[in-house]
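Thank you all for coming to the group meeting.

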Amino acid sequence: MLGLSSGVSRCTNKLSLIFTVDVLRGRVAPSRYKRARKLITMFILYETPAGYAIFKLLDDNKFKEIDNLYLEFETPEKASKIVKLKHFEKFVDTTEALSAATAAVEGKLSKSLKKALKKLVVDDVQNQLLVADAKLGNAIKEKMSLQCVANTSVQELMRCIRTQSESLLSGLPKKEMTAMSLGLAHSLSRYKLKFSPDKVDTMIVQAQSLLDDLDKELNNYMMRVREWYGWHFPELGKILTDNITYVKVIKLVGMRENIADTDLSDLLMDELEQRVKEAAEISMGTEISEEDILNIQSLSDEIISINEYRSHLSDYLKARMMAMAPNLTVLVGETVGARLIAHSGSLVNLAKQPASTLQILGSEKALFRALKTKKDTPKYGLIYHATLVGSASIKNKGRISRSLAAKASLATRVDAFGDDVTMQLGIDHRAKLETRLRMLEEGNSTRLSGVKAKAKLQKFHAVSEVKTFKVATDSTLPSTSSKKLKADEDAPNAPSPKKKKVQDDDTVEAPETEMGEGSKKKKKKKDSVVEEEPTVTEEPEMGEGSAKKKKKKKNKNESEEPAEESMMDESVETPASGKKSKKSKAKKATEEDE
């Protein structure tokens, strides 16, 4: 026996020596050598409302085979063979539970968890901790230098432990666990609501939604009271267009017969009061009872109270918007700014959106309809109700809404993420936008930065260099205008080029005969011009040819013009000379008779 034991001890010493030599020579990794020296144990961190439970995994092979792991947790007896409760760190009160839960949500290591894990860190034993949250596992690894595992196998194991938690956590009654879970849930909800960054946005969103609801209710009530009281006094609705004034008059007067004896100077101007009293005397409305007028007056009281609350709520919203988003409020107004925040959910969500999204925010239906039908997309959404867009002309609304959306996006980011926010940025941007709008309305296109845009290119109108032929300038005959006829009468002895040719053949004739000859010449001139026109129109029009061709055609026309003039002179002179000879013979015959 002694020899056998000594032989075994010698063999083990030789094996350990060989293993250490292999490690030194690099044949075996040092980690494998450490694993051989240390024992590997796996623990499970299970979080409960009552405290932290640490289980020890008894069978590592079950952890590797997770497909049928739920079958091993069907009964408490089977579950106790796989996991065993090692330590349970119970919370002292709800405050400690809340701090531990808050730290776990944020991925931090709480004091109670650190205290429970210190007992697992042993130098001689290598431990692995299975955790459900990977962030929490990284925090534990950094603080405690404890290896943590978080994967799908761990999630399945946690699910199986949760099914048998009552039997595995001995000494913890079910009623106590239920009470602790309920108290922790309420405390955690209060904590999240108290320190929520969106809690101020929620007030703005709710106030704006309530304002919209109040407007709808006021419109419905006003429609009802106008229709109701209109049966009794229909003329009052046409005279008083303001709803609140209309309701106050109904509350003060009641029946229309009382208007004559009622002083309405506090509500109406003198002219309106006189018109109301005159209309009441000749009204075509029906008669109603006292009970009817009491119901109408009670509805009027309700409308007045709702209107007063609405004005108070509007002031509250304006104050909250100036405190929460001053730059956005200066640019687009408190109502439009609150609607943008309500539509996006919060101020932070609105700040994350680009300017193009902010521009069409609120017109999603029109956008998707335009994309579906392949038509023009909308240019503006809720931002259309801003004063800057409303004051622009129709052709400039798209441009100014795009500029306003860009500036509003910058202002929103400053309001959401800036420190010590003031409204100076919004004031500067609004001044630039007003300047931009003024330039657009005047027709000057310059950029917001002040750099002048490129010169506007004027449209080029092509002017043809080809000159058309005018027929009127081709005639050399004297014009038959009244001015020239008067000039001829004033100066009958003035020699004309046409008369010189006639005087060579005949003697000078009386002015009466000359006037008759002039009228006949006029008719013949017109006939000659009519005959000349088809010859001119038959000539080909001058196209866009070369310069040489143009010169040749002009020379031809110039050479043809004197030939035509000479022909016209001959045609005019021949009949005129014949007529003059006949008239001279007739004159001689009359003189002989005398």
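Let me begin with a question: by about how many helical turns are Glu156 and Arg159 separated in helix H8? Glu156 and Arg159 are three residues apart in helix H8, which covers residues 152–163, and this places them about one helical turn from each other.

Before I go on, please keep in mind that this is a predicted model, in which local features need pLDDT of at least 70 and side-chain atom pairs count only at pLDDT 80 or more, while totals for chains, interfaces and linings use all residues. Residues are numbered from 1 along each chain as its sequence is written, and side-chain values use heavy atoms, with hydrogens and water left out.

Now the overall picture. The protein has 27 helices and five strands, where helices (H or I, at least four residues) and strands (E, at least two) are DSSP runs, numbered from the N terminus. Of the 594 residues in the protein, 31% are buried, and here buried means under 20% relative accessible area, exposed means over 50%, and partly exposed lies in between, with a 1.4 Å probe and protein chains only. If we take contacts (heavy atoms within 4.5 Å) between residues at least 6 apart in sequence, 65% of them join residues at least 24 apart.

Let me return to the charged pairs. The structure holds 11 salt bridges, a salt bridge being a side-chain nitrogen of Lys or Arg within 4 Å of a carboxyl oxygen of Asp or Glu. Glu156 and Arg159 form one of them, with their closest N and O atoms 2.6 Å apart, and Arg159 is partly exposed at 44% relative accessibility. Another joins the side chains of Asp215 and Arg310, at 2.4 Å from N to O. Asp215 belongs to helix H11 (residues 199–230) and Arg310 to helix H15 (residues 290–324), so this pair ties together parts that are 95 residues apart in sequence. Asp215 is partly exposed, with a relative accessible area of 24%, and Arg310 is partly exposed as well, at 26%.

What about aromatic rings? There are three aromatic pairs, counted when rings of Phe, Tyr and Trp (its six-membered ring) have centres within 6.5 Å, with planes under 30 degrees apart called stacked, over 60 edge-to-face and the rest tilted. Tyr46 and Phe55 have ring centres 6.3 Å apart and planes at 65°, so they are edge-to-face, and both Tyr46 and Phe55 are buried. The rings of Tyr380 and Tyr384, by contrast, have centres 4.9 Å apart and planes at 40°, so that pair is tilted. Tyr380 is partly exposed, with a relative accessible area of 26%, and so is Tyr384, at 34%.

Finally, please find Asn327, in helix H16 (residues 326–332). Is Asn327 buried or exposed? Asn327 is buried, with a relative accessible area of 0%. Leaving out residues up to four places away in sequence, Asn327 touches several others, including Ala411, Val414 and Met423, and its side chain reaches the backbone oxygen of Thr422 at 3.1 Å. The C-alpha atoms of Asn327 and Gly337, which are 10 residues apart along the chain, are separated by 9.8 Å. Gly337 is one of the buried residues of helix H17 (residues 334–344), and Leu340 and Ile341 are also among them.

Key: Polar contact = N/O pair within 3.5 Å; in protein donor to acceptor, adjacent residues only side chain to side chain.
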